[in-house]
Amino acid sequence: MRSFHIKAGGGLVASTERPTPRLSAGQVLVRVMATSVNARDRVIVAGKYAVPVPAGRVPLSDGAGVVEAIGEGVTRFRVGDGVMGTFHPDWVQGRFPGWGELRGTQRDGWLAQYLAVDEQSLVAVPDRLSFEEAATLPCAALTAWSAVRGVGPGDTLLVQGSGNVSLFALQFGRLHGARVLATTSSAEKARRLSDLGASDVVDYTSTREWGARVHALTDGGVDRIVEIGGGAESVAQSVEAVAYGGQIALVGNLASGGGMELTRFFQRSATLRSVSVGSRSDFEQMNRDIDRYRLNPVIDRVFAFEEAPEAFACVEERGHFGKVVISHG
């Protein structure tokens, strides 16, 4: 079986020595058709993740494919069905149960020809999406959907930058009727964000106090902010941008939030909520939205399976606009 695994010290190495997984009761064998690379995966493969990841681990949390075989007792899927993996394999519905074993860290991920997966950890691929498009959804799209859930007509939403979560959040916000503003670092990215539906784009490199600018553009602040950075400076600007009684959805923690000044946040009477992707039930609800509104994920490049190291290098360079996908076909 073809696969890639993480080398000691970081990096990827190809392997053809791994056997095709055997099925236990309740599992299905998925022939992986496509995967996508998240910022989390880049850090894991580089050997810099907060949680220790053993050498030999197959990376990638996000993948889509075809059911090749089913184990004893499987009822949710049949051979030939298109499926996607959930980011949290054990979170089916209800309240967040905590950080269990995830693919790409404690469990082997999707960067392989075949993967044995518990049927409870899969959802069906929306009929109108390709496997490459479906592979972009489990982490970034569901995180964005969870962060903007409840936003609708008459609401204002701010997304930060042009990363994958922000692009999905912009799309979901617009589909649900909200006015969406964005921050970015270049005129070209501003143009592309506008093309996706952003009403206003603020360049945070030339407007350091972008929170005040967003507050002014919305005549009182935005109702929801998708906070990507998580650092004290970024959160402070989000507090300036948020409306009284608004909400900041914290989906990233790229920098330490130490030293955050709480007085202004208290005065705003706002809510700070962390987002941990979502459950399988959330994933299925999001897919119904994708079907209903005919959303198409933004894909920057599709690499061949043998080019997986180049796909990771593309994400490392951070010049992409949209998801970086690996086709296993």
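These legends go with a set of close-up views of one predicted model. Local features are given only at pLDDT of at least 70 and side-chain atom pairs only at pLDDT 80 or more, while totals for chains, interfaces and linings use all residues. Residues are numbered from 1 along each chain as its sequence is written, and side-chain values use heavy atoms, leaving out hydrogens and water.

**View 1. Helix H3, a mostly covered helix.** H3 runs over residues 137–148; helices here are DSSP runs (H or I) of at least four residues and strands (E) of at least two, numbered from the N terminus. Its twelve residues reach 15 Å from first C-alpha to last, close to the expected 16 Å (the expected span is 1.5 Å times one less than the number of residues). Twelve of its twelve residues are buried, where buried means under 20% relative accessible area, exposed over 50% and partly exposed in between, with a 1.4 Å probe and protein chains only. Among them are Cys 139, Trp 145 and Ser 146. After the helix comes Gly 150, with a positive phi near 100°.

**View 2. H3 packed on helix H4.** H4 covers residues 164–175, and the two helix axes sit 8 Å apart at an angle of about 50°. Axes are lines fitted to C-alpha atoms over the stretch in contact, with angles from 0 to 180 degrees between N-to-C directions. That angle is why H3 counts as oblique to H4: under 35 degrees is roughly parallel, over 145 roughly antiparallel, 65 to 115 roughly perpendicular, and the rest oblique. On the H3 side, the contact residues include Leu 137, Ala 141 and Trp 145, and on the H4 side they include Phe 168 and Phe 172; contact means heavy atoms within 4.5 Å. The contact residues split into ten nonpolar, two polar and no charged. Here Ala, Val, Leu, Ile, Met, Phe, Trp, Tyr, Cys and Pro are nonpolar, Asp, Glu, Lys and Arg charged, and the others, Gly among them, polar.

**View 3. Ser 234 in helix H7.** H7 spans residues 232–241. Ser 234 counts as buried because its relative accessibility is 18%. Setting aside neighbours within four places in sequence, Ser 234 touches Gln 160, Trp 210, Glu 227 and Gly 229.

**View 4. Arg 294, a non-glycine residue with a positive phi.** The phi of Arg 294 is near 55°. Look for Arg 294 in the loop between helix H9 (280–293) and strand E14 (299–304). With a relative accessible area of 56%, Arg 294 is exposed.

**View 5. Arg 318, in the loop between helix H10 and strand E15.** H10 is 308–317 and E15 is 323–327. Arg 318 isn't a glycine, yet its phi is positive, about 60°. Its relative accessibility is 54%, so Arg 318 counts as exposed.
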